[in-house]
Amino acid sequence: MEVPLQTQRPLCCSTLATDKTQFRIKPFLGFFPHWRTTQSSQQSSSWQKDFRVPGISHKITSSADFSRRRNRKMSSPRPKDSTPKGFMPKTQLGTSSQKRDQRSNREKEGQATPKSNEYAASDSKTPKLRVSTDKEQLAGVHQANKIEEQSGDNMDENEDKVPSTMKQTDINVQQEAENGRIGTINEDVNPIVENVEDGEDTAGLGGTVPLDSSQSEVVKENESHDIDDLEKTMATSVGDALNGIYVEGQNLDGRKCEDTRENESLEIVKDNTRSQFVIGEPVKEANVLVTKEKEDEDSSLKLKLEIEAFQKQVVERLAEEKISKGIKMFSYPEVVKPDQDIDVFLNRSLSTLNNEPDVMIMGAFNDWRWRSFTAKLNKSHLKRDLWSCKVHIPKEAYKMDFVFFNGKDIYDNNDGKDFCITVEGGMDVFEFEDFLLEEKHRELEKLAKEQAERERREEEQRQIEAEKAAMEADRAQAREEVKRKRETLQGSMKKAARFIDNVWYIEPSVFKGEDKIKLYYNKGAGPLLHAKELWIHGGHNNWKDGLSIVACLASSDRKDGDWWYADVIVPDCALLLDWVFADGPPQNATIYDNNHRQDFHAIVPKGIPEELYWVEEEHQIYKKLQEERRLKEEAMRAKAERTASMKAEMKERTLKMFLLSQKHIVYTEPLDVRAGSTITVFYNPANTVLNGKSEIWFRCSFNRWTHRMGLLPPQKMSPAESGSHVKATVKVPLDAYMMDFVFSEREDGGVFDNKNGMDYHIPVFGGVVKEPPMNIVHISVEMAPIAKVGGLGDVVTSLSRAVQDLNHNVDIILPKYDCLNLSNVRDFQFLKSFSWGGTEIKVWTGNVEGLPVYFLEPQNRFFWTGCIYGCRNDAERFGFFCHAALEFLLQSGFHPDIIHCHDWSSAPVAWLFKDHYMHYGLSKARVVFTIHNLEFGASFISKAMAYSDKATTVSNTYSKEVSGNPAIAPHLYKFHGILNGIDPDLWDPYNDKFIPISYTAENVVEGKRAAKQALQQKLGLKRDDLPLVGVITRLTHQKGIHLIKHAIRRTLERNGQVVLLGSAPDPRIQNDFVDLANQLHSSHADRARLCLTYDEPLSHLIYAGADFILVPSIFEPCGLTQLIAMRYGSIPVVRKTGGLYDTVFDVDHDKERAESQGLQPNGFSFDVADAAGVDYALNRAISAWYDGRDWFNTLCKRVMEQDWSWNRPALDYLELYHAACK
């Protein structure tokens, strides 16, 4: 059954009634791509994309009801005033992934789109494209509607023959057409497809295609048209023409269609006499289908070649135009789109490569940032010296960048500007940036997995090697133990006998392992003469397994003495029997006969071979050593894992506290800001300088204000649902690691809230970019544990470690004292020498607590004094060191971001840097100065405050207490208080070797009970359950020594115990406490002990064993004692001053203040520095211990769970460092 189908010009229903060239539809195993998008339809769309031809506007329809077909938009619609909307559907393009699949499938099957030379030798029939012009004007929508009405009756005749799915699709298309979704077409040319015999090269751009008279007319007439019009119509018209043709059982690229319909098939055939079509009946005979499939395969190939031929014509015209204008490079098509193959042409005669035999292209996409490529150009078939190659435009491209070269060293780079082609319809710059970030994120994830896998394998290999080494060590130890035991046993065997006359003998005299023997003993021959019972306590092989033979002796019938015997089973591996006699069993015996302390020994006559025994003994010892080692390693591994887990949990809690610490001002939802997410920022202006402002504007950026997107547009904040908060929503980019923002009263500025110049910052998690590390150098005269006098040394080491743990680079410069404790320095070695100030300065390096340290040793003997402080020229010594440290940085090529100096001793760094080094090689650096104690070196501190970029002290309250000091007051704008922390590895009750048992918050009661008992025993105190108050301090007036004395007496009055550890630098104070110690040791020897020295192990035991730690300081910049006490579960009793006020919250008075810091009350405190103040706090503490032990134990657990490490201070210091660098 055949039904004719006419091509359309433009495609509208009027063409159905004309006598133009027709196509006849025959059945085929397939489907129409307009009905449903499947893999086959997508492949057809891909074919259309690759073979677009300008100048052709035709459409082949295969529906019984055109008005109901699913129409699609044109790919390149004309201007609104040039062409009315027609009814030409456009096949929907597949997705990029589908196109990739199509290309991949073609490559796999070896049927990729043929190039020009692939058709030259073809023996099959090839199609020739004949084009005739038509002078009719384009039909409008009104005309199409009219024709549709006229044709309705004819179309209804075939309605019943259309499948149900097709009918439904037709309805959908009709609705789309009524909604204006149908594109327009060009009526300028009308293709007629006919079969001709091959005889000429018609393969693409490289061949020639003969044109008949009709084609020539088209070419002549089209010469009057602009080339741009041809290109605009090419993509739409030819693609749509091709999309309407489906080959029976195959796609247009020659591959069989995967989704065929067995009940319907269509074939397009030529028919110049009729203008109608119908749906063919199902073809039942397989041989007919095979024939149709072959014919349609040939038809598909013909059409491809026709299109390529027309493309050649268009390219020739384009080339003529570019040559006439003197343009040396152009592309075809001129409008380049993503995921498309284009031809790039170079007029070599206009290029610097005009005399080069080889021409190549080298390029990439998107400003040379994506997918670089290199290809060779070939001489094209076009006129002049035009060379060309094909380039595939990736779907991510918005621009193609390239240069030409000869494959060696001669380039044509467009006069230094490079060539570029804009890609239209794809990603823009910002979308590509996001795409790159996603790619980078995936790459980072891949690299992280690979790194984790490498580390896992390396760890496995390390464990294997460690296991081998341990096994060898165990074997060596087993051999040594066997050697020692063998020597001992052989010595015992030399002393052994088979019997002793009138004392003991064995029956039978010859026996072996596992035999039952009788061992006789003459009671009257030894010290057991009057014993009521006789027992044998024995073993074997020199008591190898301890006591293994125990038996009660019975009286013998022998008459020549008081003989007794016992039945004994000889151990199976015994070489020697060992025993003594006693008057009772092992637990009750009092009198022994042990052969004059030599024990009794008897050789086993028929024992196992001695060599075999020692081989087995060595093996057993080896197995025992291995098991002991395994259990030990498992315990260590479990402990290390738990330690790491507890540290991670505490760090996570601290970070959450850090994020919530400003909740009364600003916070986010969700609290954890993730890269790529959208978050809401809540701000409470009532607690800031913007209180009462009618508007609040939010100004935001990322990555410390350095993000590629720059500052986001100001955003007016809207009222939140409750309270005085306002809110704004922000999309966090994928490459963010920090969110930065401030607030203002107006869009153009006005009053700002920028957190006193620090700005607001919130960390972003999960980004593809990590924060670049800062380079920080500490210049200090103290460092724990190698050169420690006070808290300064602890801060330098602990702060540096905490900042280094946050992935920043930290170095420390320290004087090389002759009294350094070098046992704590790893990899200590000489580095270099340099000269400054007429002095040679030697530089040594080493690693202390995981930190790189540079030791400066000037040869002027400044630091060969046997001490750190206490010389008459300390100011001169440390001034020289500060200048030498800066000179070392300069001469060694350091480029620090931050130079951090501490207290008066390294204060000269601040002004020496600004006066001598800031403009001479160290311009990048900023100076941060920290005051640990304002009591010393006020003049140096004042000058450093003036020169530093930022200054800090060691607690917020202390910064307020000293704000009126003349050295501080002029510089309050850059002065900040940041609390000190403690080193959680140094002070860790779970891994402390100086306390009897390890403990955490979960078993704090048991741990502290054991520590208290060990402390009482060590110091000779009464081992009783009494409240124990500990004092660990330097005995100076600052520490409140008169309050300490009063607290000792008050504790003893309350029937408590007191332990003091400390010494006084002032001999008078030291002697005063010696007298007090003598008095107390005499009157309260079982409840008081004063240890007037420095004892590190004892300090750990006091922190763990005490119930309370007293810190009654007159002033305290920060204080570490109360922090260490809480780490060990001891309750601090302190005076409200400086850092003590910032860290200890009274259980009765400071609940709200603690909650504002995200904490709970944790101790007892008092205000006035007198006896009444001490009594108020100490009496409440001791009473709580007596009256509520359960509550007190809960308090101990609570303080252990609080984080007083450097986790939080390190974050605050990093904020300060970044603020200094702004």
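This tour moves through a predicted model, from a pair of aromatic rings to a strand and its neighbours. Residues are numbered from 1 along each chain as its sequence is written, and side-chain values use heavy atoms, with hydrogens and water left out. Because the model is predicted, local features need pLDDT of at least 70 and side-chain atom pairs count only at pLDDT 80 or more, while totals for chains, interfaces and linings use all residues.

Select Tyr667 and Phe682 to begin: their rings form a stacked aromatic pair, 5.1 Å centre to centre with 10° between the planes. Rings of Phe, Tyr and Trp (its six-membered ring) pair if their centres lie within 6.5 Å, and planes under 30 degrees apart count as stacked, over 60 as edge-to-face and the rest as tilted. Tyr667 lies in strand 24 (residues 666-669) and Phe682 in strand 26 (residues 678-683), so the pair ties together parts that are 15 residues apart in sequence; strands are DSSP runs of E with at least two residues, and helices are runs of H or I with at least four, both numbered from the N terminus. Both Tyr667 and Phe682 are buried, that is, under 20% relative accessible area with a 1.4 Å probe, protein chains only.

Next, select strand 35 (residues 809-815), where six of the seven residues are buried. Five bridges join strand 35 to strand 34 (residues 775-779), and the two run parallel; two strands pair if DSSP finds at least two bridges between them. Within this pairing, Val777 stands opposite Asp811.

Key. Buried means under 20% relative accessible area, exposed over 50%, partly exposed in between (1.4 Å probe, protein chains only).
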